[in-house]
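Student: Could we go through this structure together? I would like to start with the overall picture and then look at individual residues.

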Amino acid sequence: MVVFDGLIFAYKRMCQGKFMDQTSYNYCALPLAAYACRPDQSQGRLYAEAESVHRTCFQRDRDRIIHCSAFRRLKNKTQVFVAHEGDDYRTRLTHTLEVAQIARSLARALMVNEDLAETVALAHDLGHPPFAHAGEEGLKAAMTKVGGFDHNDQSLRVLVHLERKYPDWPGLNLTWETLEGVVKHNGPVTGKLPVTLTGLQKQTDLRLKTYATIEAQVAALADDIAYNNHDVEDGLAAGLFDLADLESLSLLSRVMADVRAKWPDLSRHLFIQEMIREMIGAMVEDVLNEAKRRLEALNPQNPDDVRHAGKPMVAFSDSMLVQVNDLRAFLFDRMYRHHKVHRMYRAGYRIVHDIYQAFIDDYRLLPDRWRAPEGAGKTEQARLIADYIANMTDRQAILEHDRLFHFHSVFQ
């Protein structure tokens, strides 16, 4: 039993009041709060299939994502720094793994479904094109008049269309709850729907105007915590700013003072490691305290109470949010717009734009599997081109650009 400030959040039960038989796929390994998503209450999958004897439906979703080709390609996709700039910088894959780790920690502390939180975290960036936001902006600009491009919708497209591993259906055939979490982890979806979500809504209603489950909200906050901290570490390693520059930020200044007080003689390397560890801990602690406060006020009795709460249950406190926003502004100014990073941004944008335009001008340059069928319209062909490019790693995009625009590469 876990006690949060005197309020008991745990329930003396495992799922439905008992340990379920190990031969049943829907047993739980840990007690869950009433507002958690339970595998035995899942709304199922897009295509009917027998469930596993040994794994819950959410565990199967997680495993399918880990084994899919889009997940493997994340190892060679940019987070902030392109791979050739150094082996120690985060890639899109290492970022995703850090998000998943923080999501599991938050989920366990809140007594919600760790497997579902981890699954949403692992899936959230599968649709990112090469060169991070530069690649996304390049595809957005190119696709403006033919349906647009959004990396969140592209992640959904990977999960329900582009991954082909099963003879009976396209995509990974994930549970309704996982798809809901991927679509709504940043909150309710309003306005004009992107192309993939428009099609998915015709297959299953994801209740877009409500908030997502606690588990998806946990994944979203874990993403914020992960990138804000590892970007500080990577920015320091790249020499884009120094420790003295961070003193102007209240959160960093306080953490750095605490580290110096405990270990006055630490080397620079260990000082940075301890500072990042303490900062992650401070953010996690703040999120847990704020979530417990909001949950106590709402007293949700099931996941739908969370969906209809009118605001997220998992969030930074107001005071921490101010500090986190200050850190974001600092990173935007000193890191993301630093001339070294911005030059790579422009190069990545140009590579993606050039490749897209070449394929639009002459579809015969595309590999056969990425060509639209005879009679297809411009929008359908453009979508396939966007899929092809978004699927690429940084290295693949650079090589493709070289083959298309540098004569000597044709003979290699």
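Tutor: What follows concerns a predicted model.

Student: What does the secondary structure of the protein chain come to?

Tutor: The protein chain has 17 helices and two strands.

Student: How many residues are in the protein chain, and what percentage of them is buried?

Tutor: The protein chain has 412 residues, and buried residues make up 53% of them.

Student: What share of the contacts comes from residues 24 or more positions apart?

Tutor: Taking the contacts in the protein chain with a separation of 6 or more, residues 24 or more positions apart account for 69%.

Student: How do the residues of the lining of the largest pocket divide into nonpolar, polar and charged?

Tutor: The lining of the largest pocket divides into 12 nonpolar, 11 polar and 11 charged residues.

Student: What volume does the second largest pocket have?

Tutor: The second largest pocket has a volume of about 460 Å³. Its lining consists of 22 residues, of which D150, D153, L193, P194 and L197 are the closest to the centre. Two or more lining residues come from each of α6, α7 (176-184) and α8 (195-203).

Student: Which element gives the most to the lining of the second largest pocket?

Tutor: That is α6, which gives four residues. The lining of the second largest pocket as a whole divides into 10 nonpolar, seven polar and five charged residues.

Student: Now to single residues. Where is the place of H151?

Tutor: H151 is in helix α6, which covers residues 151-162.

Student: Is H151 buried or exposed?

Tutor: H151 counts as buried because its relative accessibility is 13%, and the cut-off for buried is under 20%.

Student: Which side chains does the side chain of H151 join in a polar contact?

Tutor: The side chains of H151 and E136 are joined by a polar contact of 3.0 Å. Another polar contact, of 3.3 Å, joins the side chains of H151 and N152.

Student: Which residues is H151 in contact with, leaving aside its neighbours within four places in sequence?

Tutor: With those neighbours left aside, H151 is in contact with H124, D125, G127, H128, P129 and E136.

Student: What about T213?

Tutor: T213 lies in the loop between α8 and α9. T213 has a relative accessible area of 2% and is therefore buried. Leaving aside neighbours within four places in sequence, T213 is in contact with C37, L116, E180, V306 and R307.

Student: Changing topic to backbone angles, what is the phi of N173?

Tutor: The phi of N173 is near 55°, which is a positive value in a residue other than glycine. N173 lies in the loop between α6 and α7. With a relative accessible area of 3%, N173 is buried.

Student: And what phi does N299 have?

Tutor: N299 is not a glycine, although it has a positive phi of about 55°. N299 is found in the loop between α12 (268-298) and α13 (303-307).

Student: Finally, the arginines. Where is R350 found, and is it buried or exposed?

Tutor: R350 is found in helix α15. Its relative accessibility is 54%, so R350 counts as exposed; the cut-off for exposed is over 50%. The C-alpha atoms of R350 and G135 are separated by 8.5 Å, and these residues are 215 residues apart along the chain.

Student: Where is R369 found?

Tutor: R369 is found in the loop between α15 and α16 (378-390). R369 counts as exposed because its relative accessibility is 61%. R369 and Y388 are 19 residues apart along the chain, and 9.6 Å separates their C-alpha atoms.

Technical notes
Residues are numbered from 1 along each chain as its sequence is written. This is a predicted model: local features need pLDDT of at least 70, side-chain atom pairs count only at pLDDT 80 or more; totals for chains, interfaces and linings use all residues. Side-chain values use heavy atoms; hydrogens and water are left out. Buried means under 20% relative accessible area, exposed over 50%, partly exposed in between (1.4 Å probe, protein chains only). A polar contact is a pair of N or O atoms within 3.5 Å; within protein, one must be able to donate a hydrogen and the other to accept it, and residues adjacent in sequence count only if both atoms are side-chain atoms. Contact means heavy atoms within 4.5 Å. Ala, Val, Leu, Ile, Met, Phe, Trp, Tyr, Cys and Pro count as nonpolar, Asp, Glu, Lys and Arg as charged, and the others, Gly among them, as polar. On a 1 Å grid over the protein atoms alone, a cavity is a set of points where a 1.4 Å probe fits but cannot get out, and a pocket is an open set with protein on both sides within 12 Å along at least five of seven lines; lining residues have an atom within 4 Å of a point. Grid points are joined across faces, edges and corners, and a volume is the space filled by probe spheres set on the points.
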